[in-house]
Amino acid sequence: MSSVPAEASRAADRAAAANAAMLEVRDLTVTYALERGTVTAVDRVSLDVEPREFVGIVGESGCGKSTLLFAIANLLGGPAAITGGSVLFKGRSLVGLTDSQLAAVRWKDLSVVMQSAMNALNPVMSIGAQFKDAMRAHGTTSRQEIADRSAEVLKMVGIDPAHLKSYPHQLSGGMRQRSMIAMAMLFTPDLIIMDEPTSALDVVAQRSLMAQIKDLQEQFGFAVVFVTHDMSLVSHYSDRLMVMYAGQVAELGRTRDVFDDPLHPYSAGLLEAFPSIRGPKVRLTGIPGSPPDLSREYESCRFAPRCPQVMERCKTTPPDLYQVEGRLVRCLLHEDGRNSAVAEGAAAPAAEDVRSEP
Amino acid sequence: MRFILRRLGFFILTLWAAVTLNFFLPRLMPGNPALAMLAKFRGPVNPSALKALEVAFGVKTHQSLISQYVGYLGDIATGKFGTSLYFYPESVGRVILDAIPWTLGLVGVTTILAFLLGTGVGIVAAWRRGGAMDSILPPTFVITSAIPYFWIGLMLILIFSEKLTWFPSSNGYDVTLIPSATGSFVGNVLWHAILPAAALLITTIGTWVLTMRNTMVTTLAEDYVRMARAKGLPGRRIMFDYAARNAILPNLTGFAMSLGFVVGGAILVEYVFNYPGVGYMLLQAVNNEDYPLMQALFLLITVAVLVAILMADIATAVFDPRTRSRG
Amino acid sequence: MAMMPVSTTTGPGAPPEVAPAPGPARRGARPALSRILRAVRSNRKATVGTALLVIFILLALFPGVIAHDNPSAEIYQRSLGPSGAHLLGTTALGQDIFAQAIWGTRQVLIIAIGVGLFSTAIAVVIGVAAAYLGGWWDGGLSLLTDVLLVIPLFPLLIVIATYVQNAGTLVLVVVLTLTGWSYTARQLRAQALSLRNRDFLEAARVRGERRFYIIMVEIIPTMTSLLVASFLTNALYAVLFGSSLQFIGLGDPNSNSWGTMLYWAENNEALQTGQYLWTIVPGVLILLLGASFALINYAFDEIGNPALRPVRRKTRVKRAS
Amino acid sequence: MTEQAAASPGPITADAAAPLLRTDRLSKHFKIGNALSRKTLHAVDEVSLTIGERQIVALAGESGSGKSTIARLLARIYTPTGGEIYFQGTPLSHMRSRGDRLRYSSDAPMVFQDPFASINPVFRISHGVLRALKLHRPELSPDERYAEARRVFEVVGLTPADQALQRYPHELSGGQRQRVGFAQALAMRPKLIIADEPVSMLDVSIRIGLLNLMAQLRDEQGVSILYITHDIASARYVADRLIVMYAGQIAEAGPVEEVLGNPRHPYTQLLVSAVPDPRAEPHIGAETDRGEPPKVIDPTPGCRFRWRCPLAIDICQTVTPELAQLAPDHDAACHVAQSGAEVRAFS
């Protein structure tokens, strides 16, 4: 048994809640078919999400974090398509289903909050009408019921229900974002997927929205997968954190662990990129350079050109995901960590207990 | 509301510009055609016809250009277009009134039909991205949009009238019939309208299909469409309430804007089919140097286009809450 | 360099993850010519359109190489059918239809290209000046543009051409240019307006550049693709409406062009007397020339906006695993 | 519409050692609405600030606080509605000739927010630098201009400069483009660079590099920088002084450590408390503020923060607080703080 004590207590927690993870993403790969060739935006990413869990996904622009989200929700379009892997939500596979097959799961069990509410709300329909058609699509037809529930969720996020009659352009940025969250709450789903919902907001509005999300989550017990480029934003809210780089998982572990002791040089670099508002002033360096071209194949570590701890081997050997004390990290520095390399696709610590058995 | 008022102001201005063009064009052209025409008519034509011509050009002998212009504006505003030279002694107004229903029936109906049909096809083509329809339609309609209006009329006459003799090649109805409200007469009118309507439909529908398809494709990539999918809405609802409704808004104005072009096509089609509408009348006036009639028809067509654009503006304001609050 | 490949994933439906790469910033760059050539070859509509246009240009330049007969000479036996001597037969007036069709290319093409160039020039000046100067300039110039845009063009053309009488090539170019620039001026103004507050123009202003320099050097080169579109739109318009004017007899009846051919064909009741080729041939030629402009234009739209390009379902992997 | 402030009643300090740049009751109002309902948006209202030599001054605030408008006023993209800008003691409204304007634009160039929009995509990136040199240092020959361009590219870290100059904008990453912006500014031998949110659109991993560059320019080239930002943590990292703006007015100003360590204005306290800090414990209380800054349209007197301020007293409703010194070199515009009371609105 390779589990450490923390792992055991986690497993016990989970056994109490449910047997399998609510969301199981395995080796998910997303490819963009472009004229110049294909770009693998998401490369064999695996992730489990438990009920009531808050998982943060961080990374720079172009790292595939949003693509991953939309692939999970099966909302890819245009040139992007899932070319490998699976997504199991409450035991049901979501990959390859048509929109009408997915309709039963969508919104009732799994809802989405997007980055810019201005673009994600239909500009020619009032907020109330957009709530209504979501409810009617899932069988709620009573006008009274629809009106009551719409008002209720809007109140939950602190907006006067009178705004059901408003059109998106009549609301402020913060209110639009809140009403998106209210809409995601209509059926109190098991999982809400959020794609940088606060990135268009100012710090104060951002903080209050985060507090609100956490509040609602504690109250209603849904799980959250939260994508952001701002690592510090999720530091106090997420249970686990996944750091993505160039389409791959760089590091995955409990948020506190990643912040206190980042294993991947990239995670460490990201943490170092934020000046602090308190404490002594220290000179920071950030991470010089830019992310790699994803239309190429790599026979090396993708982070090697920017890595301050780069070794000769990094330039010839693409690292696997290695398990280190209940954490996963894609870095050769940890190749001979306490645990042997785990097979791709067994990302969730829980599942490893069984599968990584030699 | 304010938005509509502003548009109304713009149209009055445009109308004034058209009237002014009408007044100054014949004077400012090289050789001052207005005077040349008058000189030509002074001899043989009877005095009242000459007077009609003077009204048409706004020429009141020996007045300054300014007072001539003011007088002309007054005449137009009070609906005095003078007497037709070709249909003498009918008044211009009378002649036009006879022609209007034909054009309204033929061009009005086909234009709206082409817009609805074309938009519908465009919506479906974009929705079924990558389907057979979406790969065949765009190149086809790019080519049909380059067909000269009149030539497609000629080809229809060649095939369906000369060769197959299914439809008549000219006139609005069988000249042996006496216009009446009977079923047989109406049937005859429709029978005569089929070829010209087809010619108009073929040449105009392509633009609508293409513009609608293209805006629809762009709209389909919007976040709110993705959001609608995430909400699990039925496809039909996403297609109409989310994608099409947003995609059609810019096209409404475009539709109105291009009516000016459609009218041009309609004139040629009427001409080819000897269809007794406004366009045919305009060309008859041109060929017979009936300037009062020509100028009045030009203004009439302008007004008609402006009214249509105004209607499209109102529709936009109704369907787009953003316009309403901006206004 | 690493930015490039990723940024293009900002296609349709691509998640807006990459730093927003505004359209024009991505396009109008470096070796414009080679880029255009590559684009033309990769897009079938563009290839067909360009090939057609090249053929027409060659015909216009060297009509005598193919058609040896004098197009206006009324010297042959009338109303002949197609034969070895007269590939497409003769007209009711005794002219060789093939020669007329080939020699007629020149005038149509001169009108198309002339109107395309001149109206684009006017449209650029008015559109960009309106957008960049703003204020009263914008108000006045936009109003002028909009007024001209909503006045129905063809009736206006008819009225003007009537006063001019027997409009020749030059007159047609002038008249079609003066009436036709407004549509593209509006588009160019919109584009310039979206550029107006782009930071690189403010940067130029802050740097101390003069207005004229900014308009000529900083704005206009970034609108290349729109200028091409404007040229093509206006050329198509000129082909169609120029021929139409000639067809209804408002052109110069002695000129050698497709529209005039159709005018004479119609006057001699070609369709009613079985001389179909007299009507069909010039019409097809107008259609082909118009289509070549329209195809190139549409292809440019597709090149500029990849979302519009045809999608082939086969290439998409529906599900792996 | 411009009432130049030659006769403005501001305190005119006529000392010889004038600060590098000083604004005196600078205002910018925009007319909005149409003929039937004229309204005035007060983007910037009576802002007086100073920037010293070799100083990075951070101007922080939320979107709509007027900070970018100030940048554009200082860069002369906008003309002020009221008030005056003094550069080395000379009022800008007195600079009328093209020569004067050119001189000022080379003394105080601007770096823009969006690295993807601020460089003309059609030209090689050398274009902007070479044009700037041509306009502002006409005495240089083309070869000298090129050499100078190479030099400034090296200073901002775009190396090898020869190759970098030949690139097109789309070949560069956002961080590199922003360096081009600084190179263009530097080529003019500026005394003050107005940097309008220069890092806000960059990825977090490369922001620090740009901030370090700004510090380096101050230390090695001796330029002052007005650093406009919404990120007060980055302001603390790089700036010497901090000015906090709210709704078009200055809320608080002073040395950056002093303002952030001991904020006197309730709004500054709110801002500081809202910054996510992974190294500190979270503090989310029931009092968490949900407000958003107001759009200042036809304002009436009174503190503009009063609707969100838990400490607001009667006077805040009727009298607009003026900026006043509360500690050495530390000003705040708050009635409560000025009354001597302890301000602890948000923490």
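Reply: Let's start with A:Glu196, which counts as buried because 21 other C-beta atoms sit within 10 Å. The cut-offs go like this: a residue is buried if 20 or more other C-beta atoms lie within 10 Å of its own, exposed if 12 or fewer, and partly exposed in between, with C-beta atoms placed from the backbone. This is a predicted model, where local features need pLDDT of at least 70, side-chain atom pairs count only at pLDDT 80 or more, and totals for chains, interfaces and linings use all residues. Residues are numbered from 1 along each chain as its sequence is written, while chains are lettered from A and ligands numbered from 1 in the order in which they are written.

Back to A:Glu196: its phi is near 40°, a positive value in a residue other than glycine. You'll find A:Glu196 in the loop between strand 7 (191–195) and helix 8 (203–220) of chain A. Helices (H or I, at least four residues) and strands (E, at least two) are DSSP runs, numbered from the N terminus.

Now hop over to A:Asn74, in the loop that links helix 2 (65–72) and strand 4 (80–89) of chain A. A:Asn74 isn't glycine, yet its phi is positive, near 60°. A:Asn74 has 22 C-beta neighbours inside 10 Å, so it counts as buried.

The peptide bond joining D:Thr159 and D:Pro160 is cis, with omega about -5°.
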